[in-house]
Amino acid sequence: MTSVIATANTNVQAIVYDKFASAAAQIADIEPIDYFFAKEMTSSPIAMPLSSAEFDVWYHLLMALSASVRDGHTCLPLSVVANQRFGVASEDNVITHHGFAFPAHDELQQVMAKLSLDDNDVPVVYWQDCLYMRRNFSFERALQAALLEKASLNLGYSSDAISEVIARLFPKTQQEVDWQQIAVANSVNKGLSIIAGGPGTGKTYTVTKLLAALTMLKVKQNNASISKDLDIALVAPTGKAAQRLSESIQNAVAGFRGAIDDQILDVLPTKAQTLHRLLGVIPNQVNFRKGSDNPLDMDLIIIDEVSMVDLPLMERLFRALPVKCQVIMLGDADQLPSVALGSVLADIAIRPHLGYSKANLQFLGQVCQLSKTQVKQLPAAKQECADHLSILLKSRRFDGEGAIGNIAMATIAGRANDSWQYIMAHSECRDDLTLLPAELSLWLSRYVQQYYQPLLSAEKVEDAFALMSKFRILCATRQGSEGVETINQQVIAMLKGHYQQAKLFHGLPIMINENHYGLGLYNGDMGIIWQNAQGHLVACFEEAQSTGYKTVIPSRLPSFEPVFAMTIHKTQGSEFEHVAMVLPSQADNQLLTRELIYTGVTRAKKQLSLSCREPVWYRGVEAKVARHSNLAI
């Protein structure tokens, strides 16, 4: 059923949907929020100047905008929907939803020209030929302004001092360019820098040397003895990512003993925390204790796993930073963007590298003592430059010989045929690669017995966590026969002989699904159900800032689920020695992208097992994530 509404042209009437079910029958994949948002917006006087046909366009633009936000886009460019049919769907070559046909780009612009959206009370913004939710527009513009302000900050260390420090940290032993040296030199004097690279490229190793360089420069600048003059925060989006950052820096510091002055290493920070802990959560509020009116007090912040940080959280972090604070971001820009809004890292770490300005190339050549040949190997800007960005190109884990690295590089480059042919040619002759049957029943029980059965008999909680890090089943989807929920049920059924129908049992790995600020547990944190010395079941979680464990009575836990299998999205910030990646049986799954597959593949440190069909692999590697925004530096 439809209803009619009056417009500026009294001789025509615009057709709208009288209820959500009517809209859902016409437009595929919309949610009630999309329908009611469009209905509310079009009932305001803003739409009065529109003709009937223009009203229909505006109504469907609003639904499309709301749907795009749910998909993680910051904005909806008119060019994306122009001449496209929104919400069309078919099944077995039969159209099930006819959708709505948007007109040409110039006609869409004519509609927008008739609307008055400048009032701050209007929840929609039209800017740069894009539609925004006003709150998301504010987040994007505020973050961009903050990034540009940081990028303009120079710490004032002299080139001679930097050159001396770089020479001490990176003794000349090779003729080829040392990209870690370049990253340290490029970041040391800038208010904002990004160090990007895939797994094994040494991002945390590099940033540890950068911390040493900054400490040495501070001592030299102040002509003082070595002390903790720099107030530094190490942060990551999740507890697991913070724990991994802490461990990586601690290992790097230990590895540098004998090569870097112990007095320098002793003052470097080695304990990371979550962004939420740093900013100070206020229960039941979206804002934090720290903000523009109560800023953080620090000289330097290092943010790891930046690809996981969504736009609103990143803006709130920058809002809380003092003007003097240097910002260094770490991450893999080829990974999946955050599960929420935006793709901050991908937006500001454009690949391939745009190149360095002439002044920056001269600076790097001078402080790194590069030959002319080496300088020519650095990316040089043709028009726009990206002086803030350093990309680590050499992976010490994926050295070109291993299957995981070869598949990952071919995947992210979109080379579907090359990657699949490699899998077919090497899966039966390598220890680090296995192509599993697409049918779970043919291999799941073997891995359950090998990796999950020992969890039930582990005697020490630290042993159980070590076992959890050895293996994980990764899925593209939550639901369906190849989804997380189904596989977790199957694994539990295979283990249930020991515990009959108990919902919780000793050795059950779990994942938290919602934040609980009082307990300090956050969405994505992983723990294990454990029987303590008194015979009671408790939930244990590793502490990011210590070697101990947090224990919580299960009844106090926020929403959680078993985590024998987990979605690839939720694995960002985690790694496992062996990963079994399960892709959907149908190739038309919209979640399948090269970034999803790349992220899953690179969670494996030593061994990768794949359960997928050839058409699914090709479809996934050929599809690319594209989130719309106007964020740039």
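This is a predicted model: local features need pLDDT of at least 70, side-chain atom pairs count only at pLDDT 80 or more; totals for chains, interfaces and linings use all residues.
**Exercise 1. The annotated loop**

Task: Determine where Gly200 and Thr201 sit, and classify each as buried, partly exposed or exposed.

Solution: 
- Start with the record. An unreviewed UniProt entry places a "binding site" feature at Gly197, Gly198, Pro199, Gly200, Thr201, Gly202, Lys203 and Thr204.
- Locate the residues. Gly200 lies in the loop between β10 (192–196) and α9 (203–222). Thr201 is in the loop between β10 and α9.
- Apply the cut-off. Buried means under 20% relative accessible area, and exposed means over 50%.
- Gly200 has 21% relative accessibility, so Gly200 is partly exposed. Thr201 has 4%, so Thr201 is buried.
- List the contacts, leaving aside neighbours within four places in sequence. Gly200 touches Lys394, Ser395, Arg396 and Arg397. Thr201 touches Gln180, Leu392, Lys394, Ser395 and Arg396.

**Exercise 2. α18 against α23**

Task: Find how α18 and α23 are oriented to each other, and which residues make the contact.

Solution: 
- Take the geometry. The axes of α18 (residues 416–426) and α23 (residues 614–622) come within 9 Å and cross at roughly 140°.
- Check the class. Angles over 145 degrees count as roughly antiparallel, and 65 to 115 as roughly perpendicular. α18 and α23 are therefore oblique to each other.
- Name the residues. α18 supplies Ala416, Asn417, Ser419, Trp420, Gln421 and Ile423, while α23 supplies Glu614, Trp617, Tyr618, Val621 and Glu622.
- Sort them by class. The contact of α18 with α23 has six nonpolar, three polar and two charged residues.

**Exercise 3. α19 against α21**

Task: Repeat the analysis for α19 and α21, from crossing angle to residue classes.

Solution: 
- α19 (residues 444–457) and α21 (residues 484–495) pack at about 65°, with axes 10 Å apart. That makes α19 roughly perpendicular to α21.
- The crossing of α19 and α21 is right-handed.
- From α19 come Leu444, Ser445, Val448, Tyr452, Gln453 and Leu456; they meet Ile487, Gln490, Val491, Met494 and Leu495 of α21.
- By class, the contact of α19 with α21 has eight nonpolar, three polar and no charged residues.

**Exercise 4. The cover over α22**

Solution: 
- Name them: Arg594, Glu595, Leu596, Ile597, Tyr598, Thr599, Gly600 and Val601.

Conventions: Residues are numbered from 1 along each chain as its sequence is written. Side-chain values use heavy atoms; hydrogens and water are left out. UniProt positions are given in the numbering used here, feature names are shortened, and annotations may be inferred rather than shown by experiment. Helices (H or I, at least four residues) and strands (E, at least two) are DSSP runs, numbered from the N terminus. Buried means under 20% relative accessible area, exposed over 50%, partly exposed in between (1.4 Å probe, protein chains only). Contact means heavy atoms within 4.5 Å. Axes are lines fitted to C-alpha atoms, for helices over the stretch in contact, and angles run from 0 to 180 degrees between N-to-C directions. Angles under 35 degrees count as roughly parallel, over 145 as roughly antiparallel, 65 to 115 as roughly perpendicular and the rest as oblique. Ala, Val, Leu, Ile, Met, Phe, Trp, Tyr, Cys and Pro count as nonpolar, Asp, Glu, Lys and Arg as charged, and the others, Gly among them, as polar. A crossing is left-handed if the near helix is turned anticlockwise from the far one by less than a right angle, and right-handed if clockwise.
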